Amino acid sequence: MGFLLASVHKDLVRRLRDPAALVLWLGIPFAILTLMTLAFGSGFRGGPQTIQAHLLLVDADKSVVSGLFVNAFGQGPLAELIRVETVKDPEAARSQINRGEGTALLVIPDGFGQAVIRRTPKELKLWTNPAQQILPGIVEETVGLFVDATFYLQQLLGDQFETIAQGMEEGTFSVEQVSGISAEVDQLIDRIETRVFPPAIELTTAVIVEDTSAQDQLGFGNLFFPGVFFMAIFFFAQGLSDDVWIERKNGTLHRILRTHGGVRVLLLGKLGAGAVILTALSCLSLLAGGFLFDIAWSRMPLAIIWSAVSGVALLALFTLLQVVARTQRAAVLVSNLAMFPLLILGGSLFPTEAMPNSLALIGRWTPNGWALAHLKQVFAGSVGIAETLPALAVMLGMIAVFGFLTTRRIGGRFVGAG
Amino acid sequence: MIEIQGLRKEFGDLVAVDDVSFTAHPGEVFGLLGPNGAGKSTTIGCLSGLVPPTTGVLKVQGHDVIGQPREARRVLGVVPQELALYEDLSATENVAYWGGAYGLRGERLRKRVADVLEWTGLSGRAKEPVERFSGGMKRRLNFAAGIVHEPQVLLLDEPTVGVDPQSRVRLLEMVRELAASGACVLYTTHYMEEAESLCDRLAIVDHGKLIAEGTLTELRGRTGGQDLLRLNGHFPESVGTALRTLNDVVLVSADEGQLILSVAGGTRRLPELFAAVDGSGGEIRETTMTQPSLESLFIQMTGTELRE
């Protein structure tokens, strides 16, 4: 027992004296997570966020017509796509758009309302932010649509507009004028309704309500975080596993084989040191995950234990792969050949939820896929200690088998002829 | 005590050790002398349990290395030919780790670590990482790691290879002190002078075979008091033929550029030898005569000089 602790201590000290490697192993997967988050345009918390254009609008006309024009941006789905900020001072608005603080600036000039009613030309001015790629185009298209709609209204209701304008100039509308305009507009709508809104297809809709409760719990972070976290465990396990080659190169492996401590204790020491490091990694990562992705704190202890034991199993697997190879270069190839397919199939690069069913099924049968699925269940609260204990026993069994095979191999062909 | 009976080790078609037998006693330094590739390290590997022998019996302090490996390893200390240290650990951490590997614990381990570091002259830099040590210091630390548990049998596999003269002297002193304290030391080397100055008894091995064994005096006696004469120059085959006809002259090896002769009578025979060479068409450019020694014995027995 004393030498086992000494072996654990020895490997821990050696690892801690190379902190750069630990940081790099931790950094690679989290860099991938950050890039994926940025690429998908989502924040860390909750689900996907809607991309919104920011339209600065100067209404110099302040007429009923310009008011209708401005309010049109706030109607229906357009309100989710374009956020309108009304600005009084055109110069201030220009400065703001020049600083890149907005998608576009629309200036409605004085007399716009009268021009629409009188059917005379008037110029709307739109400045767009060249630093943005897509959103200015959306604003430009929308303003164009509004201008077209205004044109057609002018064509259809031009006479009525003239009557309204005349009444506004005189400051009063007679009852006959109001009822006349109303009747004309009503008739016009009746006349054009069949053309504008033709009942070409009668659509019957039925809403199928899916059970989305499970998906509701899996936001972007929850969907990707466990996989990326397991990727970090993979990198750690693979990185730690090549220590057998360092020991071989240093001659310490040959030396330990000549002591009565033996290679079994050396290997147990490596797994023990790996367990300490992987537990620390799990604590750090899962606590960060808990903070960023709203994972329930009460599930953390079990998640940490499960992750650490899974990591040790992966370390044992990779150590076995290292000693199976005849050279260190071959060992790197073998472990990479094992790691990347496992990462992909096991759901670390792409969530199994997003995979075709057949691939997801294969993924769930990989050791890491199984471990990852269990971790997600722990996060979701659908499994507890009682369900995890048998799984832990399986994991420990895997460690024992991998360790036994590794010890046999080290004691045999791996050390060479001496 | 080390007992080896009929040791043979094959690696495929290659016979690395061929029917080697010897016994080394407590308190003595037993040298295995031979060129690189002679089978010395393989013999050490078999003895330490690292390399399974093809056939043979190997015992350490009465424990069968194959049948009782744990007992054998407990009394065995090994200082391997190559450095076997953790460069990123300190000297203290290294020695403590290897002490632990040999079963030392607690206060005894701490005391032994301090003692061996003091003894090897490393206590002043005990806390420093080994990667900062010079080659000689690493060699001494390698030695300290092999003896921290006070082994009754110590296997030293060419411990002075690549060591500066000062560290070499200190290492040899330490080996003598260990033997004086009662340890049985098996020392492999291909340095003749080291074997002559250090070893109480010697076995000469070449191509896996043990070709001579005994004390230094006994081995020197086996040269028959004959001097070794090296002639460099140009020697057609007729020269060898002429020299073989002379009394008490043994032609150890002959090629076109060099002749090695074992000659009774030393310098008195030189005129006769020179005349024989000259008369058979040879030409001598350089002559070297060596007194009876391990080297001359080795050359007499193998027909070759000790290879590096």
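**Note on the two-chain model**

1. In chain A, strands β1 (residues 53–59) and β2 (residues 82–86) pair in the parallel sense over five bridges. Strands pair if DSSP finds at least two bridges between them. Strands (E, at least two residues) and helices (H or I, at least four) are DSSP runs numbered from the N terminus. The bridge partner of A:L56 in β2(A) is A:E85.

2. This is a predicted model; local features need pLDDT of at least 70, side-chain atom pairs count only at pLDDT 80 or more, and totals for chains, interfaces and linings use all residues. Residues are numbered from 1 along each chain as its sequence is written, while chains are lettered from A and ligands numbered from 1 in the order in which they are written.

3. β1(A) is also joined to strand β3 (residues 104–108) of chain A, by five bridges and in parallel. Here A:L56 has A:L105 as its bridge partner.

4. Chain B has an open sheet of four strands, in the order β2-β1-β4-β5, with antiparallel pairing. β2 (14–24) and β5 (63–64) of chain B are at the edges with a single partner strand each, so one side of each lacks a neighbour in the sheet. β1 (residues 2–11) and β4 (residues 55–60) of chain B pair over five bridges, antiparallel. B:Q5 stands opposite B:V57 in β4(B).

5. Which residues dominate the contacts within the largest nonpolar core? Of its 154 residues, A:I233, B:V95, B:A144, B:V148, B:V175 and B:V185 touch the most other members. Such a core is a set of buried Ala, Val, Leu, Ile, Met, Phe, Trp, Tyr and Cys residues joined through C-beta atoms within 7 Å. Buried means that 20 or more other C-beta atoms lie within 10 Å of the residue's own, with C-beta atoms placed from the backbone. Helix α14 (residues 300–324) of chain A gives the largest share of this core, 16 residues. Another core, of 19 residues, lies apart from it and includes A:A53, A:L55, A:A93 and A:L106.

6. Now the interface. 25 residues of chain B are in contact with 20 residues of chain A. Contact means C-beta atoms, placed from the backbone, within 7 Å. On the side of chain B that touches chain A, α2 (69–74) and α3 (91–101) of chain B each supply at least two residues. The largest share of that side, four residues, comes from α3(B).

Technical notes:
Two residues are in contact if their C-beta atoms, placed from the backbone, lie within 7 Å. A residue is buried if 20 or more other C-beta atoms lie within 10 Å of its own, exposed if 12 or fewer, and partly exposed in between; C-beta atoms are placed from the backbone.
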